Structures are given as C-alpha cells and as structure tokens.
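Subject: Structure handover

Hello,

Here is the structure you are taking over. My notes on what was found in it follow below.

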Amino acid sequence: MIELTRRTLLAGSAAAAMAGMVSFRARAAARTYHALLVACTDYDNLPKKAWLIGPKHDAGLVRDYLINNAPAPVKFEADNITLLAKDVEGASGPPTHAAITAAFTDLAAKVQRDDFVYLHLSGHGAQQPERQAGDETDGLDEIFLPVDIQKWADRASGVPNALVDDEIRDALDAIRAKGAFVWVVFDCCHSGTATRAVLVDDEMERKVEFPDLVGGDEAARAAAQTVYDEASAAASRALEADGGRQVGFNLTPTGAEPSTKGKMVAFYAAQTVETTPEMPLPKGAEGATRFGLFTFTIMAKLAENPNITYRQLGQAVLQQYAANGRTRPTPLFEGELDAPVFGTEKTDAAHQWPIVVKGDAATIKGGLLHRLNPGSKLAILPSALSPIADAVGYLEVTSARNLESKIKPIEFDGKPALKIADIPNGAYARVAELAVDYTLAVARPSSSDGLDTETALVNSMLDELAAKKDSGFNIKLVEAGKAAELRLAVLRENAIAGTATDATDKPALWFLPASGDVTTSNGARPPLIIIHADERQKLLETTAKNLTTIFRATGLSRLAAANDYRPEEVEVQFLIKREGADTPEQLEASVVPRVSPGDEMHVKVVNKSTDLIDLNVLYVGSDYSIAHIVSERLAPQAALEEGLFAFTDTSFGMERMIAVLTAAPPQSEKEDLSFLAQDGVPAATRGTGLAGFSEMLADIGMAPATRSVMKLSDNKGSKGAVMIFPVETMPRS
C-alpha cells in the first residue's frame with residue numbers, strides 16, 4: 001500500500017446508527033401527468049455558428065421515454081405532452097417566447113392538485129446586465145433564449161423575447177399554486193470561465209457570447225460591452241466572496257410557502273460560470289445522434305433505475321460524468337430532492353422486458369439507455385417473476401436504439417440456441433451479463449504552431465504504446481477532437497496562464513480531460529511532461545507510466561456503471577468536518593462540495609440488507625492517484641461511522657471519494673482493494689474469466705484486453721457497487 005503523502009489519515013471510530021428513509025405516498029389513481037418540452041435550435045437573430053442541433057433530439061428522446069419506457073413507474077399520455085420544436089414530429093410549433101409563455105399559462109389553467117408537471121428546456125442560455133439595479137445578487141440576469149430573441153439595445157429592456165429567471169419563476173409559481181408538483185430541467189448554460197486548450201470537434205457548447213446578442217452600431221455595441229463587463233466583474237466578486245455554487249435560475253422554494261402550494265425540483269446542467277455541451281451520444285456508438293450531455297445522462301440513469309429519488313438521480317448523473325472523465329460542467333440540483341422521481345411508489349425495476357416476436361424477428365423495449373449494447377446477453381425467462389436459474393435459453397443484442405433492441409437466440413452458459421418460434425409466449429428477457437469496457441479512448445495531439453516536430457514525436461510514440469502488449473493499460477487512439485476520455489496536447493509549458501509560477505516556454509505533453517478544458521484557478525494544474533526531442537525513450541517510459549496511472553483511475557470510476565445494489569439495500573454518506581467546526585456536515589450526494597486544507601472527510605455506511613457486505617473506501621486525486629483508506633466488513637443491519645483523512649495543500653482540482661461495496665459470502669476473506677493504490681501523475685514531469693464483482697475490480701489492476709464482465713445470477717455473492725462522490729479541492733481563501 002502506498003503512503004498517503006497527499007492526505008493525512010485520521011484515527012477512526014465506529015458507531016452504530018440507522019438512518020430512516022422518508023416514505024412518500026403516491027396518489028397515482030387521481031394524478032394526471034403533464035409535460036412541456038422546449039427545444040430551441042435555429043436562432044434567426046444569432047450567427048449560424050451559434051445554432052444548435054441537439055435540443056430537438058433531446059425533446060424527442062424525453063417524449064419517447066415518457067410515453068414508451070418500460071419498465072417505468074408511470075407513463076405520460078401523448079395528449080398531455082406539449083412539444084415546442086422545429087423539425088420534430090408531433091411538435092405544436094416553434095419555441096417562440098409567446099408560444100412558451102402561452103404553454104405555461106395553459107398548464108397553470110388546467111392542472112389540478114396533486115398533478116405532476118415535467119418541464120424540459122433545451123437550448124441556449126446567456127447572461128445580461130440586470131435590468132433593475134439590485135435585483136440580482138451577482139448583478140446579472142440569467143436568461144433562456146427562445147428562438148425569436150431580438151438584439152439587446154439597452155439595460156432597461158434587456159434581450160427582447162428572452163425568458164428571464166424572474167419570468168420563469170412566476171410561471172412555475174402559477175402552476176404550483178394549483179397544488180401540482182413541478183420538475184424542471186434546464187439543459188443550457190450561461191457563461192464559462194474555463195480555458196479550452198484543445199479543439200473538440202464533436203462537442204458544441206450551449207452558450208452565446210454577449211456581443212452576439214447586442215445590436216446597433218459600433219459605438220452602441222462598445223457601450224453595451226462596457227455595461228456587461230462592469231456587471232460581470234461585480235458578479236465575479238460576488239461569486240468569490242460567497243464561495244458557493246451558483247444555479248442558473250434562482251428558483252429555490254422558500255421555507256415559508258403555504259402548504260397548499262405544490263413542491264418543486266430543479267435540475268441545472270451547469271452553474272453560472274460553466275458551459276454545458278451537446279455531442280453524439282452514446283459515446284462511441286456508430287452513427288450516434290447529437291444530444292445534450294445533461295439530458296441524455298438523466299434519461300439513461302432513469303432508464304437504468306426508475307425507482308430512485310431526485311437526489312439519487314442527481315448523484316447518478318455526477319457519477320456518470322466522473323466515469324466519462326469529465327471534470328466540467330458541475331450540474332446542480334435543488335428543491336424537494338428526497339421525493340421519488342415522478343412521485344410514485346416503488347415498483348419492480350428489474351432490467352427485463354417482454355419479448356416481442358414478429359415472424360422471424362424478436363425485439364424488446366430496452367436499448368442503449370438501459371446499457372444494452374450489441375453483444376449484451378439476456379436470459380429468456382418464462383415469466384417476469386422467474387429466477388434467472390429458470391432461464392430456458394439466452395439472447396444477444398444484435399442492434400440497439402435508445403429504447404429498443406433487436407435480439408437473437410444464442411448458445412450460452414451451456415444452453416443451446418432456441419429457435420425464434422420456440423420462445424415461450426409471455427417470456428421476458430432479463431439482463432444476464434454486465435459488461436464494462438475499460439478501454440481508454442485517447443485523442444491524439446493536433447499540430448501546434450512551431451511544435452510540429454514534437455507533435456510528430458508524440459504521435460509516433462503513441463502508436464508504439466498502443467501496439468505494445470502487457471503495457472499495463474489498454475488505449476484506443478482517436479484523432480484530435482474526436483470523442484475521448486483523455487485528450488493530449490503538445491503546447492508550451494507556459495501556454496496557458498496560471499498553470500505554474502515557474503512555467504517555461506519549453507514544449508510539453510499535456511494530459512487533459514474529456515472536455516479539453518484547462519482549469520487553472522484555485523490551484524488546479526493539469527499533468528504534463530516536458531518534451532526533450534533527443535530523449536525519446538525517456539519520454540516513452542514516462543508517458544507509459546502516466547497512461548497506466550490514468551487507465552486504472554478511470555477504470556475504477558467506470559465500474560460505477562456495473563452497480564447492482566439498490567439504494568434501499570445500503571446507505572453510504574460522506575461527511576465533511578470543516579476546519580474549526582465541532583461536528584461534520586453531510587455531503588449532499590447531488591452537490592459537488594468545495595473543500596480546503598484542514599477540512600476532514602468522514603464516512604457513514606449502513607448495511608440495510610440481510611447479507612454481509614464488504615466496504616472499501618478509496619480516494620482518486622486530480623492527479624489520478626488512488627489512495628486506499630478503509631477496508632471493513634459490515635454485518636446485516638450494522639453501521640460504520642469513521643473519520644477518514646484531512647485535506648492537505650499538495651494538490652487541487654476535481655477529485656473523487658469512491659465507496660466500493662461487494663457482497664461477502666459466508667466464511668470468505670474480507671475484500672481488500674489496497675492493491676489499487678497508486679501514486680499520481682505529477683503536475684509537471686521534468687526529467688478474465690466470468691465471475692463476480694471482485695474479479696472485475698481485479699481486472700483494473702491487470703489491464704484487461706478489452707472489457708470485464710460480471711455474469712448475473714441468483715447467487716448474491718456476485719453483487720457489487722462503486723459509488724462516486726466528486727469533491728473539488730481548492731486553497732483556503
């Protein structure tokens with residue numbers, strides 16, 4: 001086990017405790033489910049470069065999920081879904097300001113007490129100087145842009161036809177005043193402060209620069225820019241003074257609202273100083289459609305487990321971002337987060353679907369959103385209640401769309417392939433094997449001015465490393481700008497301001513996140529290697545070491561996709577004890593907290609199941625280091641509460657607490673994942689078989705050829721889960 005030089009361990013103390021879960025009663029019999037889906041793509045008064053593609057696909061995906069998803073607690077009637085979009089079948093018309101506000105008014109008029117309203121707004125967000133001084137704490141109005149916005153001319157009127165946060169709040173209040181529950185999702189952003197070090201061809205940010213919103217002559221535009229710059233400077237000072245994360249639209253209900261008013265939940269794709277992208281998804285799928293990352297991830301996590309609360313859904317979204325190697329944006333979630341999604345009672349959410357046979361073809365209503373990729377294996381069960389041991393045969397997914405898959409019988413697990421005609425009437429297909437692809441997609445560096453020789457050197461070295469066997473990692477090289485978990489760039493060490501006080505103009509190989517962004521504020525520093533053209537072998541060895549480190553850290557995060565523990569079976573909470581505080585505060589699973597040196601991390605785990613569970617806690621640093629903190633076995637109904645470590649000033653950036661849960665068969669040895677511990681990548685370097693969850697973890701350390709699989713059965717010994725809790729470390733101001 002490596003020494004924890006980055007973090008200072010605390011002496012732990014265990015205490016038994018039980019945390020009750022709030023129970024919510026559904027009134028499904030009397031409830032009507034309404035939805036308003038807004039998708040803004042073509043903006044006639046914006047440059048063509050600012051037009052979007054993904055929002056209309058977001059709206060179509062959400063509508064299909066609400067109407068067709070199975071299994072699901074509820075289904076929306078098509079007549080109760082209003083879709084405002086261009087070039088989308090069934091749309092009522094374009095999402096103009098008048099159409100959106102009319103749809104809000106119509107909802108407020110027809111909803112009844114205990115109804116449910118889902119609102120989804122995909123498009124451009126922006127910021128403008130507040131129209132009335134003192135109206136906003138940060139001096140800026142957050143706005144959503146319908147397709148018919150006009151040019152900003154003066155502060156008093158703002159951007160004509162924009163939906164300002166106050167206007168949206170009033171519209172939602174009118175709906176909630178009728179007693180309806182509102183869930184609103186904003187897949188848009190407002191501004192961005194991170195530096196994009198490399199171009200990402202497949203991503204487009206849903207952000208409009210203020211100059212594109214301004215009309216008039218050159219003098220008028222310059223005057224408008226001055227007003228905006230002054231407001232932005234005030235906003236930045238307000239954010240720095242507060243230190244907290246800022247939501248795009250301030251819609252949080254107050255605690256003094258009347259009890260007759262409906263509750264609300266709001267999901268935001270990014271905080272006010274971030275952008276959010278749209279891109280082809282699922283990542284790596286041939287011919288993938290462009291969606292908003294936030295929308296697609298929400299729908300995928302819901303499809304995987306519809307029986308969760310809004311807080312759990314928010315955590316699942318953050319976990320998926322971490323598994324995809326994304327450090328930005330930072331989605332935010334607020335409101336009645338402990339309510340169940342769609343306000344329903346829990347139902348059987350097994351990943352199984354009725355098999356539909358037509359002629360010589362078979363399909364199921366499960367697809368890419370449910371992690372059913374081509375090659376996935378499913379058991380053929382006589383009924384929905386049959387144990388997997390009663391499988392009469394197996395199926396393989398041959399092709400998949402988001403909510404539908406084509407399947408064929410195969411020989412698997414000792415059973416011959418059935419004929420299509422022999423599949424029993426009323427049979428179900430249940431997921432029989434979980435697969436996790438550990439391959440790390442690495443985007444090559446593009447040519448940089450004056451560094452063509454160094455770029456060519458790095459690319460030739462990458463070709464050698466990718467072809468090398470027993471390297472300790474498995475990478476797939478893609479061209480610069482294509483979808484990848486890791487992006488490489490050849491830039492000078494001082495190319496980006498703020499990376500280091502002692503940075504030189506020497507060429508360097510940078511290791512960047514999926515977005516290509518470089519966040520140099522708050523002490524964060526991307527890993528890099530100084531390139532010496534005459535020391536190729538040394539560069540190759542150092543790069544190989546870094547790739548091995550990154551591969552193992554990302555592989556551990558990716559295992560979050562293979563969870564098969566339900567939230568009600570085990571409760572994991574991390575808590576932060578701030579420097580100088582007497583007691584720790586619970587780390588909200590749906591929020592990325594900011595921590596500083598001297599703060600402490602604690603953990604509380606409750607095993608609510610009837611089985612033994614092994615717990616391992618690890619910490620993945622911004623430099624891809626892995627520190628192994630805890631390894632404990634919890635008896636049924638037992639709890640563990642323990643201090644883990646104190647944060648130091650050795651590294652800053654987006655980092656992750658990871659809790660690994662594995663089912664423990666009786667008389668087995670305790671799971672110990674200390675073998676995963678590793679040192680990190682320096683900020684600047686100068687000079688196999690089908691089995692259970694435990695074997696999948698072991699595969700990370702052994703660098704599997706392509707993927708790791710866990711065969712599912714009724715044997716509880718194969719169960720496992722990886723739970724990721726992102727944190728952002730920053731210097732104490």
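Some of what follows concerns packed helices, so one definition comes first: a helix axis is a line fitted to C-alpha atoms over the stretch in contact, and the angle between two axes runs from 0 to 180 degrees between N-to-C directions. Please keep in mind that this is a predicted model.

Helices α2 and α3

Helix α2 covers residues 97-110 and helix α3 covers residues 165-176; the two pack with their axes 8 Å apart, at an angle of about 25°. Angles under 35 degrees count as roughly parallel, and α2 and α3 are therefore roughly parallel to each other. Their crossing is left-handed. On the α2 side the contact is made by His97, Thr101, Phe104, Leu107 and Ala108, and on the α3 side by Glu167, Ala171, Leu172, Ala174 and Ile175. By type, the residues of this contact between α2 and α3 are seven nonpolar, two polar and one charged.

Helices α5 and α6

The second pair is α5, residues 293-304, with α6; their axes come within 9 Å and cross at roughly 120°. The crossing of α5 and α6 is right-handed. From α5, the residues in contact are Leu293, Phe294, Thr297, Ile298, Lys301 and Leu302, and from α6 they are Leu313, Ala316, Val317, Gln320 and Tyr321. The contact of α5 with α6 comprises eight nonpolar residues, two polar ones and one charged one.

Helix α6 itself spans residues 310-323. Its 14 residues reach 20 Å from the first C-alpha to the last, close to the 20 Å expected at 1.5 Å a residue. Buried here means under 20% relative accessible area. Of the 14 residues of α6, 13 are buried, so α6 is largely enclosed by the rest of the structure. Just after α6 comes glycine 325, with a positive phi of about 75°.

Backbone points in the loops

Which bond joins leucine 281 and proline 282? It is a cis peptide bond, with omega about 0°. Proline 282 sits in the loop between β12 (277-281) and β13 (289-292).

Aspartate 114 has a positive phi of about 75° although it is not a glycine; it is placed in the loop between α2 and β4 (116-122). Phenylalanine 342, also not a glycine, has a positive phi near 65° and is found in the loop between β14 (332-335) and β15 (352-354).

Are these two residues buried or partly exposed? Aspartate 114 is partly exposed, at 23% relative accessible area, whereas phenylalanine 342 is buried, at 4%.

Valine 605

The last item is valine 605, which lies in strand β32 (residues 600-607). With a relative accessibility of 1%, valine 605 counts as buried. Which residues does valine 605 touch, not counting those up to four places away in sequence? They are Val570, Glu571, Val572, Leu615, Leu634, Ala638, Ala639 and Leu640.

Regards

Methods
Residues are numbered from 1 along each chain as its sequence is written. This is a predicted model: local features need pLDDT of at least 70, side-chain atom pairs count only at pLDDT 80 or more; totals for chains, interfaces and linings use all residues. Side-chain values use heavy atoms; hydrogens and water are left out. Helices (H or I, at least four residues) and strands (E, at least two) are DSSP runs, numbered from the N terminus. Angles under 35 degrees count as roughly parallel, over 145 as roughly antiparallel, 65 to 115 as roughly perpendicular and the rest as oblique. A crossing is left-handed if the near helix is turned anticlockwise from the far one by less than a right angle, and right-handed if clockwise. Contact means heavy atoms within 4.5 Å. Ala, Val, Leu, Ile, Met, Phe, Trp, Tyr, Cys and Pro count as nonpolar, Asp, Glu, Lys and Arg as charged, and the others, Gly among them, as polar. The expected span of a helix is 1.5 Å times one less than its number of residues. Buried means under 20% relative accessible area, exposed over 50%, partly exposed in between (1.4 Å probe, protein chains only).
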